[in-house]
Amino acid sequence: MVTRVVTGAHYGLKDWLIQRVSAVVMATYVVLFVAAMLVCTPANYEEWRDVFAPQWMRLATLLFFLSLFWHAWIGMRDILMDYVSSTAARLGLQVVVVLLLVAYAAWAVQILWSI
Amino acid sequence: MPPTNRPKYLNLTQIRLPVPALVSILHRISGFGMFTFAWAMLWLLQLTLQSPEGYTQAAGFAQSWVGKLFLTGIGWAFMHHFFAGLRFLLLDAHIGTELQSARRSSWVVLALGIAGTLVLGVSLW
């Protein structure tokens with residue numbers, strides 16, 4: 001007979017860690033991006049578009065977006081767990097959040113690769 | 001059995017939040033706000049990147065009353081969330097967990113968010 005200890009299975013540790021790792025990824029991207037934009041400010045459409053022209057920049061920006069959406073999922077899940085006590089309503093809202101974030105990720109890919 | 005008659009005090013208009021609690025709830029509110037308006041930011045990014053006409057259109061939006069208000073609001077949400085998040089990462093690393101330093105860093109986070117928003121606001125309006 002296995003006795004399960006409620007606090008001993010590390011439920012949530014993975015999410016806790018992902019929230020922090022994704023935060024560090026985003027913070028790094030944002031600091032470098034803002035610094036680059038301040039040093040070399042794009043003055044028109046062509047210069048702004050060229051910022052995202054290199055493949056590595058598109059990939060770095062996509063990593064930023066994927067970190068953002070995963071981070072947002074954990075945050076929204078926490079908010080829904082705290083304030084929506086009806087299981088059915090919470091599940092429904094969580095599904096809406098996940099679907100939105102997956103759609104946003106596809107949208108981000110489309111934005112970056114149709115320049 | 002857990003006690004069922006524990007005292008509750010949930011009068012939101014009378015609870016006095018300590019500064020760290022204020023920073024914490026604003027971190028949650030700013031995150032929720034940015035999630036709510038993520039579609040608008042993606043739409044703006046797409047507009048600026050898809051064509052010169054879209055770029056001009058987005059620049060026009062950024063100069064409109066609604067656009068300035070939107071960007072200022074999102075700007076505060078981002079900066080508060082950013083600085084409060086860095087503070088939480090430091091707390092995770094057991095840096096600044098004493099009451100005095102936790103209060104001081106909360107004031108710093110609040111001030112940086114507001115100062116950053118003022119800089120952004122002045123350059124926008």
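**View 1. Chain A, read along its sequence, follows the pattern α-α-α-α.** In this predicted model, the secondary structure of chain A consists of four helices and zero strands. Along the principal axes, the C-alpha atoms of chain A fill a box of roughly 65 × 25 × 25 Å. The radius of gyration of chain A is 19 Å, whereas a compact globule of 115 residues would have one near 13 Å.

**View 2. Burial and contacts within chain A.** Of the 115 residues in chain A, 10% are buried.

**View 3. The side of chain B that touches chain A.** Here 16 residues of chain B are in contact with 16 residues of chain A. Four helices of chain B, namely H1 (19-36), H2 (38-50), H3 (52-63) and H4 (65-92), each supply at least two residues of this side of chain B, and H2(B) gives the most, with six residues. Sorted by class, the side of chain B that touches chain A has 10 nonpolar, four polar and two charged residues.

**View 4. B:His94 in the loop between H4 and helix H5 (99-124) of chain B.** Although B:His94 is not a glycine, this residue has a positive phi of about 60°. Is B:His94 buried or exposed? B:His94 counts as exposed because it has 7 C-beta neighbours inside 10 Å, and a residue is exposed if 12 or fewer other C-beta atoms lie within that distance of its own.

Conventions
Residues are numbered from 1 along each chain as its sequence is written. Chains are lettered from A and ligands numbered from 1 in the order in which they are written. This is a predicted model: local features need pLDDT of at least 70, side-chain atom pairs count only at pLDDT 80 or more; totals for chains, interfaces and linings use all residues. Two residues are in contact if their C-beta atoms, placed from the backbone, lie within 7 Å. Ala, Val, Leu, Ile, Met, Phe, Trp, Tyr, Cys and Pro count as nonpolar, Asp, Glu, Lys and Arg as charged, and the others, Gly among them, as polar. A residue is buried if 20 or more other C-beta atoms lie within 10 Å of its own, exposed if 12 or fewer, and partly exposed in between; C-beta atoms are placed from the backbone. The radius of gyration is taken over C-alpha atoms; the globule rule is 2.2 Å times the number of residues to the power 0.38.
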